[in-house]
Amino acid sequence: MKNYNFILLSRNEQRFQFVYQINEDQSFLLFNYVFFVLIICNNFLMKSILLIALIAVAFTARVQERNLAKVTTDLKKSTYGSALLHLVELHSMAGGPVQELIDAIEELINDLEEELEELEFNFQVRTNEHNALVVSLEQDIQDAVIDVNNTQDTLDNLLFPRREQLQVRIEQIQENQEGNRKNYDEAILVREQEHDDFELQIAELNDATAAVDDALALLQTLTNPSLLQVKRFQNSLKNIEQKIKSRSKMAPMIKALISLASNQNFSDQGIIGKIVDALNEFRNAVVDSINAQTAAEAQAQADHEEYLEQLDEEYAEFQRQINRVNVDLTATNEKIDQLTEFRDQREADRKQYTAELELENNTYAEETDTYTNLKNEFTRELGISEQALSVVQSADFSNIQV
């Protein structure tokens, strides 16, 4: 007979020592089963290994045949239970239960319950964090969508139409400026033409005045005029007629003088005096016409210059209007750029929040799967442990030396 010591650790690292007396055949069979069970249970947690060992020691108690058959059937349904059956067979050569074994199993059950409670608590905390984060992200997404929509609405219904109106207004004012310059150029051209006409008329009137003076001077020499002198005087009157255009209001007067002089031989001084008076009257009318047209030209030039000043002031006012509209247009474009940048940033925020929400949901789903698997594992182990405790408490381990 040989003594074998088995030292097991509970979850709180409490040491349990079990001493078994078995013969050589039993020793060989014992270690074969231990090796076999260690291979089967190699991937279980330390708690499972400890549980299996304790249950294996306790499972050799004598139970009623009916209960033992039911427990055996239940344990065979899993690898974990099958391992227990092998250890039960191994431990059946060693003896009955002791109080230390019962205490160790109870402590394992307590540890499993505590771990299950901790798992539930941590998962509840994580669920609360997840729900709060989801609510926050969904609110962030909603706020971003609202900002994008409101900003786009402002751009479409306010700023873009405003910019178009300002651009149209500038085009209209520029057209007015072009019309103003056209009027300006036309006014200058008309004034130049009018001034040229004035100078031409003044030249004609001056020539007519000179011709009248020549005629008057010639009349003064007509005392007993010869035929040649009369002819020269008549030619002088015709020269005056040529200087006076037919459109002139003085043309009828000179024609009457020519008619009168053509029928005279100028021997009658009374007739000569009347002709002299008529020529002087004609000359005075010409001079008055020159003076009137000169005054009218001066007034026309003054009106023309005033009109050009008005056009220049009007043009300057148009330019001031363009400058003011350009200031408004610049501010509108800057506002459009700002809102466009804000809209794009909020759209980027929305995409980021959406990605974060998707990542959080995926992560939480994975954590939920992990939690469910762990909970099922803990629950299964807890059920087996409670079943094992019931078996150990009802079995006869009186032959085991502790």
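**Ground rules.** I number residues from 1 along each chain as its sequence is written. The model is predicted, so I took local features only at pLDDT of at least 70 and side-chain atom pairs only at pLDDT 80 or more, with totals for chains, interfaces and linings using all residues, and side-chain values use heavy atoms, leaving out hydrogens and water.

**Coiled-coil record.** I looked up the UniProt entry, which is unreviewed and lists residues 98-129 and 297-328 as "coiled-coil region". Its positions follow the numbering used here, feature names are shortened, and annotations may be inferred rather than shown by experiment. I checked residues 297-328 in the model and found 100% helix and 0% strand, with the end C-alpha atoms 46 Å apart. Helices here are DSSP runs of H or I with at least four residues, strands are E runs of at least two, and both are numbered from the N terminus.

**Cores.** I looked for nonpolar cores, meaning sets of buried Ala, Val, Leu, Ile, Met, Phe, Trp, Tyr and Cys residues joined through side-chain atoms within 4.5 Å. Buried is under 20% relative accessible area, exposed is over 50%, and partly exposed is in between (1.4 Å probe, protein chains only). The largest core has 11 residues, among them Phe198, Leu205, Ile275 and Phe282. Helices α5 (99-219) and α8 (269-394) each supply at least two of its residues, and the largest share, six residues, comes from α5. I also noted a second, separate core of nine residues, including Ile109, Leu116, Phe123 and Tyr371.

**Aromatic pairs.** How many aromatic pairs does the structure hold? I found two. Rings of Phe, Tyr and Trp (its six-membered ring) pair if their centres lie within 6.5 Å; planes under 30 degrees apart are stacked, over 60 edge-to-face, and the rest tilted.

Phe123 and Tyr364 count as stacked because their ring centres are 5.9 Å apart and their planes are at 15°. Phe123 is in helix α5 and Tyr364 in helix α8, so this pair ties together parts 241 residues apart in sequence. Phe123 also stacks with Tyr371, at 3.8 Å centre to centre and 5° between the planes. That pair links α5 to α8 across 248 residues. Together the ring pairs join Phe123, Tyr364 and Tyr371 into a cluster.

I then checked burial. Relative accessible area is 15% for Phe123, 16% for Tyr364 and 12% for Tyr371, and each is buried.

**Arg181.** I counted a charge as over a ring if NZ of Lys or CZ of Arg is within 6 Å of the ring centre and within 35 degrees of the ring normal. Arg181 lies over the face of Tyr184, 4.4 Å from the ring centre. The charged end of Arg181 also sits over the ring of Tyr315, at 4.5 Å from its centre.
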